[in-house]
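Open the model in your viewer and keep the selection tool ready. The tour goes stop by stop, saying what to select and what is there.

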Amino acid sequence: MADMVLQTATAAVGAFGFGLLFRVSGGRLVTILLGGAANWVFYLLAMYVYADRVLAYFLAALATAALAEVLSRFMKTPVITLLVPMLIPLAPGGDLYHTTFALVRGDVTAFTQYGGLVLREAGAISFGIILVACVAQTAQKIWRLSKSSG
């Protein structure tokens, strides 16, 4: 349990740091801090329930993208301003490191294994983001059409 709290705090600080790097300020920075923590909690919960990293990446990206969509509307800020720093904790850096290390060592089997995993993880994150963006855009169009016809 203490390990999960430490991981979540580290994710929050990492998201906050990237928020600073991207020159985000004010309340948006606090939102990014909390969103980064929420992102990692989503990931940990998905791992606990499904024990599948790729599915956990997808579900965490899906939940975080939905959170960023909602919060960006309230804060009147572009979604990307919140979403990118909030998703930083999900970056599959460890697996990418192992992929590169296997390539440098000339271990084709490990390179293929880790490289495939990195592609699946990155694809899961991307698919989660795209799915939420498509749903949000469709909902906006339906909302606009219903307002203009009514």
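Select α1 and α4 (79-87): each supplies at least two residues of a nonpolar patch. Helices here are DSSP runs (H or I, at least four residues), numbered from the N terminus. The model is predicted, so local features need pLDDT of at least 70 and side-chain atom pairs pLDDT 80 or more, while totals for chains, interfaces and linings use all residues. Residues are numbered from 1 along each chain as its sequence is written, and side-chain values use heavy atoms, with hydrogens and water left out.

Now pick Phe18, Leu21, Phe22, Ile80 and Val84, which make the surface patch of about 450 Å². For such a patch, nonpolar side chains (Val, Leu, Ile, Met, Phe, Trp, Tyr) with over 30% relative accessible area and no salt bridge are joined within 5 Å; a salt bridge is a side-chain nitrogen of Lys or Arg within 4 Å of a carboxyl oxygen of Asp or Glu. Areas come from the Shrake-Rupley method with a 1.4 Å probe.

Stay on α1, where Phe18 lies. Phe18 is partly exposed at 32% relative accessible area (buried is under 20%, exposed over 50%, partly exposed in between). Leu20 is in this helix too, residues 2-21, and is partly exposed at 47%. From the C-alpha of Leu20 to that of Trp40 is 19 Å.

Next, select α6, residues 108-149: its 42 residues reach 60 Å from first C-alpha to last, close to the expected 62 Å (1.5 Å times one less than the number of residues). Its buried residues include Leu117, Val118 and Ile125. Finally, show α3 (53-75) and α5 (93-105), which are among what covers the buried residues of α6.

How values were computed: Buried means under 20% relative accessible area, exposed over 50%, partly exposed in between (1.4 Å probe, protein chains only). Contact means heavy atoms within 4.5 Å. Patches are made of residues with over 30% relative accessible area and no salt bridge: like charges are joined within 9 Å, nonpolar side chains (Val, Leu, Ile, Met, Phe, Trp, Tyr) within 5 Å.
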